[in-house]
Amino acid sequence: MAVETNLMRKFLNDPADLVKESLKGLAAAHPDLLRYDVANQIVVRKDAPRKGKVALISGGGSGHEPLHGGFVGLGMLDAAAPGEVFTSPVPGQMLAATKAVDGGAGVVHIVKNYTGDVLNFKLAAEDAADEGIKVTSVVIDDDVAVQDSLYTAGRRGVGATVLAEKLAGAAAEAGADLAHVTDTVKRVNARSRSFGVALSSCIPPANGKVIFDLPEGQIELGIGIHGEPGRRRAPLGRASEVVDVIFEAVISDLKPKHGSKVLAFVNGMGGTPLLELYLIYGEVDARLRKAGLEPVRNLIGSYITSLEMAGASLTVLELDDELIKLWDAPVHTPALRWRA
Amino acid sequence: MISERVMDAATISSWMREIEASVRVERDHLVQLDAAIGDGDHGTNMNRGFEAVVQALGADQGSPPGRLLIIAGRTLVSTVGGASGPLWGSALRSGGRVLGDQTTFDGAQLAEVLAAALASVKDLGTASLGDKTMVDALEPAVQTLKARIADGAPVAQAMEAAAAAAEAGMRATIPLQARKGRASYLGERSVGHQDPGATSTALIVRALQRAVTSQP
């Protein structure tokens with residue numbers, strides 16, 4: 001075991017305990033914000049359930065930290081259900097989370113569009129409805145690298161998930177009802193598009209091997225967040241050329257109105273430093289302005305990751321006045337926090 | 001004329017143990033297949049799930065076969081995660097409901113169990129034959145089993161044909177482009193790889209063949 005661990009270059013006691021031990025650490029670091037329910041493997045906002053407040057929960061495989069556990073707290077999620085690394089949680093976790101946060105005003109499930117997440121959340125929502133809890137589910141599918149057609153499982157949910165959790169979380173905190181909070185998640189998803197690239201694969205701790213081999217000097221275009229290979233591979237050019245590809249993919253699909261205010265989210269995949277992410281943001285900012293768009297808000301950092309993968313994704317959200325107000329509203333979670 | 005085999009709760013327990021054993025042996029192979037066109041967790045997840053199933057059935061006190069399938073399905077849903085958990089979980093539960101409370105079942109009923117499992121997978125996963133999924137192994141197995149039983153073949157012989165059909169279906173996924181599940185994100189790049197879900201499905205059908213054959 002010790003030898004394998006060293007070969008993996010990961011901090012592990014036992015790979016099988018990684019998720020649980022990490023969640024324990026998260027709870028130890030932020031007792032003022034959240035608690036970790038070990039038996040149900042869920043992270044719950046400390047003051048949940050809040051009577052009369054619509055609650056938001058999300059969940060998915062681990063390995064995308066800080067998503068989702070790092071977004072539990074004021075103005076964002078009420079609970080998160082983390083599965084094993086890159087594996088959807090099981091319905092019992094989502095059901096336990098739903099019950100733990102329901103304050104009588106209903107619970108919104110934010111689901112990333114992966115077959116496993118969708119199926120497990122569906123079973124959980126049915127169980128919750130059987131127990132008399134009002135549940136709505138919104139599937140996030142903002143990744144333009146996947147063609148949405150009858151011939152695929154549909155677009156993946158990526159960067160827009162973070163934005164939807166923040167914006168709908170702010171709406172719920174401000175007292176919006178279940179229909180309005182649900183609609184906010186849908187609106188953010190409909191107005192967002194994302195595209196990601198990788199400079200390296202990543203190593204799931206359960207088997208210790210890279211998911212795909214990427215030779216030096218190559219870039220994988222159109223990746224998701226599970227280390228799954230992208231749609232194509234190309235020689236790695238200058239950063240400005242890479243941003244051209246990413247920007248074109250996002251904007252040509254989003255088709256924002258000329259003069260729109262937008263939020264640009266430059267996300268690191270886990271192994272790319274902030275130094276490079278800001279370079280990317282500078283390139284994106286210039287292109288947005290040149291395209292007649294106004295980047296009035298931004299988020300730069302590693303918020304929805306793929307273990308140690310080197311790479312980045314861009315999400316552009318076409319804002320409106322309400323979304324700007326919700327973005328500026330206070331948030332206090334382990335990974336995202338600001339005052340009004 | 002071989003006398004027709006009667007199957008019961010022991011057949012189901014033996015089936016689940018056979019699955020657990022072969023998934024354990026093939027775990028790394030399933031992981032490799034999944035890493036090529038998915039995210040590399042299929043072997044680990046199925047291994048965890050069927051270990052839990054064997055444990056759950058080991059603790060059971062004399063439930064009828066249909067009930068055992070429902071317990072196994074419920075255990076998969078609550079331990080596997082991913083897409084395979086709900087899909088195989090629902091499949092076994094649907095199969096179990098076919099048998100109700102009866103203590104024994106025959107070949108025709110076994111075919112109905114597998115047909116119900118297939119229907120549930122297709123319904124929940126919205127996949128059809130040729131989408132490069134577990135359906136590509138399960139559907140030919142069910143068709144073959146039904147046809148052989150209808151022709152009057154003994155169960156062991158019919159199951160041998162069904163397992164071979166599942167394995168042929170599994171191999172036939174190699175040239176296909178995935179249309180469902182995580183492999184579909186790859187588009188044309190999924191061509192040339194054997195589907196991990198169809199592979200574990202072929203193992204599960206083969207395990208059933210062993211369970212009905214080894215029975216006294």
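Colleague: How many residues of chain B are in contact with chain A?

Modeller: In this predicted model, the contact between the two chains can be counted from either side, and on the side of chain A there are 30 residues. On the side of chain B, the number of residues in contact with chain A is 27.

Colleague: Which helices of chain B each supply at least two residues of the side that touches chain A, and how many residues of that side are charged?

Modeller: The helices of chain B that each supply at least two residues to this side are α2 (27-37), α3 (42-58), α4 (65-79) and α5. When the residues on this side of chain B are sorted by class, nine are nonpolar and twelve are polar, while the number of charged residues is six.

Colleague: Is B:S94, which lies in helix α5 of chain B, buried or exposed?

Modeller: B:S94 belongs to the helix that spans residues 84-99 of chain B, and, leaving aside neighbours within four places in sequence, it is in contact with B:A116, B:A117, B:A119 and B:S120. A residue counts as buried if 20 or more other C-beta atoms lie within 10 Å of its own. Because B:S94 has 22 such atoms within 10 Å, it is buried.

Colleague: Which strands are the edge strands of the six-stranded open sheet in chain A?

Modeller: The strands of this mixed sheet follow the order β9-β8-β7-β12-β10-β11 in chain A. An edge strand pairs on one side only, and in chain A this holds for β9 (232-235) and β11 (294-301).

Colleague: Do strands β10 and β12 of chain A run parallel or antiparallel, and which residue of β12 stands opposite A:F265?

Modeller: Strand β10 (residues 261-268) and strand β12 (residues 311-318) of chain A are joined by seven bridges, and their directions are antiparallel. The residue that stands opposite A:F265 in β12 of chain A is A:T315.

Colleague: What angle does the direction of helix α7 of chain A make with that of β7?

Modeller: Helix α7 (residues 239-254) packs on the sheet of chain A, where it touches β7 (192-198), β8 (218-221) and β12. Its direction and that of β7 in chain A make an angle of about 155 degrees.

Key:
Residues are numbered from 1 along each chain as its sequence is written. Chains are lettered from A and ligands numbered from 1 in the order in which they are written. This is a predicted model: local features need pLDDT of at least 70, side-chain atom pairs count only at pLDDT 80 or more; totals for chains, interfaces and linings use all residues. Helices (H or I, at least four residues) and strands (E, at least two) are DSSP runs, numbered from the N terminus. A residue is buried if 20 or more other C-beta atoms lie within 10 Å of its own, exposed if 12 or fewer, and partly exposed in between; C-beta atoms are placed from the backbone. Two residues are in contact if their C-beta atoms, placed from the backbone, lie within 7 Å. Two strands pair if DSSP finds at least two bridges between them. Axes are lines fitted to C-alpha atoms, for helices over the stretch in contact, and angles run from 0 to 180 degrees between N-to-C directions. Ala, Val, Leu, Ile, Met, Phe, Trp, Tyr, Cys and Pro count as nonpolar, Asp, Glu, Lys and Arg as charged, and the others, Gly among them, as polar.
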